[in-house]
Structure formats: C-alpha cells, structure tokens
Amino acid sequence: MSMKLKRYSQNPILLPDPTSDWECYNVFNPGVLYHNGLFHMYYRAQGLDWTSRIGYAVSADGIHWNRMRRPVLEPVDGSDSRGVEDPRVVEIDGVFYMTYTAFGREYYGEGQPTHSGGGVLPMIARSENLITWERIGPIVRGEDNKDHVLFPRKIGGKFAAFHRRWPNVWIAYSDDLRLWPEEAMAPIYGPRPENGWDSKSVGSNGPPIETAEGWLVLNHGYDVDHVYKMGVILLDLDDPTKVIRRPADPIFWPEELWELRGDVPNVVFSNANPVVDDQVYVFYGGADHVIGLATCKLADLLEYALHG
C-alpha cells in the first residue's frame, strides 16, 4: 500500500513579513503545539541580518495566524550568536519544553570546529506560559548534532529525546534535562543506502505520536541529489531503540514551486505533527522560505506504518 499527505489547498499558510526587520526574508521550519483549543506556532525566521530567530504565532484553526511583532527567542551570547534554529515543542507534566539548535561563533569541542566559524548546540528551553523561555542547556557539546526532539512523556521515569549523530538518529535519557549521560544513549536507525530517498541522511521531524501499536515517528531524509522527503517509522513504546516497522516509501516530497525553489531548493522540512480530533497536522518549511500545511488521518498513518 502507498500513502501521501494531503496539502492544504491554500498553501502557504505563513509568509515573510516585508515590514519586519527580523522576519522579512524567510519564515520556515515551525514547531507547533496544540494547547487549550489553540495551535501555538514557533517558527524560524530570518531578516535583514540573516540571523535566525524564533517567532510566535497563534491560530484557532491551524490556517489563519496572528503573529507577535517580536521574536520569543533570539541570540544572547557567543553560543548562539549566528542564530537559534528549528524549534520543536512539547508539553510534559504541565510544563512546555522547546528543543532548538543554537548556532554560534564559539565552539565547545576538541579539534576543528564542526561548522565554518563556530559550532552548534542541541539546546533545550522551558516555559510555563508559552511566551517567555528559560534556557536549560544542550544535550551534548562539541559535535555536529541537530534534529533533537523530546518525547511527549517520560519513558521509564526519565525524559527521552531523539538526537542526530550523523548519519544516525539516536535516543538519549535524562533525569533532569540538564545531564544526558553517554551511557544512556543508543543509536536507533540510519540512512538506507539501497533505498533511494533516504540513502544519504535522515533526521527526526516533530515529537513522536503515542499509539497503542507503538511510537509513530515522522522523519525526513535525503538522497545524493539533496531532495528532502518525509517518511514514517513505528518504534516500541517501552524501548524505542526497537524498530517495529519502517516502510520503504516516502509519504511527502517537494512538488509545489515554493517547495522546489527558495532559499534552499527541494526542501519540505517539518518539526511539528500535532494530532487534533484524530487528524495529523504536518506543518513544514518549504525551501527554507515559507510555511505550509499537510494533513492525514491518524488511523491512515498508523495503518501505513504497520503495513506499508
């Protein structure tokens, strides 16, 4: 069987604001949380200085958005001076947590920096009101590690998170979100060289979706042509290092002009897949320039994960 997410007919749903200094060029790669009957979006934005900041918007239907005029998270020091990127948001025990990538001029590892002129940190922040965010710290330091996202509940009494030690996706556990012991980390899956669309690189999308059959995980990958596509994986509820099923085919890929052409071409990149009334809302960045929405029924996605 095959499956494909359905694009919203009036995409894109969020565009750069030409009147803004900080989000006039690109808005993309949003994390979205559904809370108290509203969609809360945290999106990466770039403006006149090309530094990434994180903006906030709110919506009753996931389509029409009201934006705050200023970002809710922006660089503060050398660890994130080049930008804060790609937020993913969860609620755990009444507290909101954001994972995001800090790109800074300072490098905290040994040897040569992982990125030109600096390094990245897979950061975590917390909030009790969805607007003001307190930085907690990174999962690891001194390595090229991105695409990290928290599970929406504790597993075995511990916080759990995906992170990406390229080329593989790993899991990590922590008691307090500050210390992530190396012995509590393990690889889960990586690229499939024989499979085409995810043969070169893979990474996590939004927070895992808990179902009776296992953790339903949307992910992304690309091939030698650097075309980003999305897939789905089903992991064991108690031990997410156990892959129950991983269908071979993608469920979404660039087709629209604004997905094929933009600041970075051939990209559909999602950090969010909230489930509302048994509908999965996949919010995504198109070509690192605008934001789109695609949907599917949760039952259909799970069926494909089990039998696709």
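Ala, Val, Leu, Ile, Met, Phe, Trp, Tyr, Cys and Pro count as nonpolar here, Asp, Glu, Lys and Arg as charged, and the others, Gly among them, as polar. All views show a predicted model.

**View 1. Arg-44 sits in strand β3.** The strand covers residues 38–46. Arg-44 counts as buried because its relative accessibility is 11%, and the cut-off for buried is under 20%. Its side chain makes a polar contact of 3.1 Å with the side chain of Asp-86.

**View 2. Contacts of Arg-44, leaving aside neighbours within four places in sequence.** Arg-44 touches Asn-26, Val-27, Phe-28 and Asn-29, among others. Ser-52 and Arg-53 are also in contact with Arg-44.

**View 3. The largest pocket has a volume of about 480 Å³.** Its lining holds 22 residues. Nearest the centre lie Arg-44, Asp-86, Lys-146, Tyr-228 and Asp-288. Strands β2 (26–35), β3, β6 (83–92), β10 (145–150) and β16 (214–222) each give at least two lining residues. By class, the lining of the largest pocket has nine charged, seven nonpolar and six polar residues.

Key
Residues numbered from 1 in each chain as written. Predicted model: local features only at pLDDT ≥ 70, side-chain atom pairs only at ≥ 80, totals over all residues. Heavy atoms only, no water. Helix = DSSP H or I, 4+ residues; strand = E, 2+ residues; numbered from the N terminus. Buried < 20%, exposed > 50% of the residue type's maximum accessible area, 1.4 Å probe, protein only. Polar contact = N/O pair within 3.5 Å; in protein donor to acceptor, adjacent residues only side chain to side chain. Contact = heavy atoms within 4.5 Å. 1 Å grid on protein atoms, 1.4 Å probe; cavity = no way out; pocket = protein on both sides within 12 Å on 5 of 7 lines; lining within 4 Å. Points joined across faces, edges and corners; volume = space filled by probe spheres on them.
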